[in-house]
Amino acid sequence: MKARPLAIKILLEVLDRGRSLSSALPTHLPKADEGERGLCQEISYGVLRYYYRLDAIAGELLDKPLKAKDEDVHLLILIGLYQLLYLRISDHAAVSETVNVTKPLKKPWARGLVNALLRRFLREREAILKKVDADEEGRSAHPNWYIDRLKSSWPDHWQQVLEANNAYPPMTLRANARQVSREAYLEQLLAANIEATPAPHTSHGITLAQAVGVERLPGFAEGRVSVQDAAAQLCGSLLGAEAGERILDACAAPGGKLAQLLESSPEVEAVAVDIDADRVARIEENLERLHLQAELITADVADTGKWWDGKPFDRILLDAPCPASGVIRRHPDI
């Protein structure tokens, strides 16, 4: 499947059905044609990252809002605008490829509309952006309620927070301590023509100069390496687990911290709990790839009467559910 119509399916699941981007992408990306996966992912992240700005631009171009049943056309317009503003795709190709998506959407009536709007934006770009940028929501690509909260909580730094949220995060890896040292894996990346450096403050973290598909990472399928933020990798060392201890990972999905714990402290007994069965299945998949084992339980960790066997834990790792405002840069769907 082509990148743009597939991106619409992904965006509809996130925006209309409340599904997280991190769960929608793995479901749909395998359906992408060879060579289209990267563009689909870029468009999906990009439209969500700049949604409020793109939507404001679309509002200036449309004479009246589209009907709710035509949300796919609305998203197609945002996809076109995102390409024209933020991607290194020629204007002609961006417009024509976007217009062509009206066919798989089975909405031929929208072909002329999408074409006219995108071409009008190219003609009037400076004036339209000047008008959109006069409003904080359009300029920053964040909702006004969130901007107001930031101004109240961080009066001296709210603008830097908005800028940081819109920045593209680096791709960071964690070398599997059971299989390979960081230094050895850096050499393997170099041999694969992937530029990388050690991630500061971590023992096994690696930061890539440019993001790549995991299929390009040496030994990924065999569990030699995982994708994990550098900050998340600090939790393992802070936990300080020791051999023979019983460890509880509460709210464990998707299992990155659990996997790191088992890689660095293989002699521990690990129990992982999460309330979402689908997310527990993801933990299991990750552990299988890494050749690791833990007791996985689907339950509300607070309802101990339904899952706890009464045996005490030596340490508990709790990555509690939160507003997640600190990770918008990596999860723009928030």
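Trainee: Leaving aside its neighbours within four places in sequence, with which residues is D72 in contact?

Mentor: Please bear in mind that this model is predicted. Beyond its sequence neighbours within four places, D72 is in contact with I8, L12, L105 and K107. The residue itself is found in helix α5.

Trainee: Is D72 buried or exposed?

Mentor: One compares the relative accessibility with a cut-off: buried means under 20%. D72 has 12% relative accessibility and therefore counts as buried.

Trainee: How many of the residues in the protein chain are buried, as a percentage?

Mentor: Of the 334 residues in the protein chain, 44% are buried.

Trainee: Which residues of helix α4 are buried?

Mentor: Helix α4 runs over residues 51-61, and its buried residues are Y51, R53, L54, I57, A58 and L61. Because they cover an arc of only 165° around the axis, these residues lie on the same side of α4.

Trainee: What covers the buried residues of α4?

Mentor: The cover includes α1 (3-17), α3 (37-49), α5 (71-86), α7 (110-133) and α8 (136-140). Helix α5, one of these, is also where D72 is found.

Trainee: How many helices and strands are there in the protein chain?

Mentor: The protein chain contains 14 helices and 8 strands. Its C-alpha trace spans about 65 × 45 × 40 Å along the principal axes.

How values were computed. Residues are numbered from 1 along each chain as its sequence is written. This is a predicted model: local features need pLDDT of at least 70, side-chain atom pairs count only at pLDDT 80 or more; totals for chains, interfaces and linings use all residues. Side-chain values use heavy atoms; hydrogens and water are left out. Helices (H or I, at least four residues) and strands (E, at least two) are DSSP runs, numbered from the N terminus. Buried means under 20% relative accessible area, exposed over 50%, partly exposed in between (1.4 Å probe, protein chains only). The arc is that of the directions from the helix axis to the C-beta atoms. Contact means heavy atoms within 4.5 Å.
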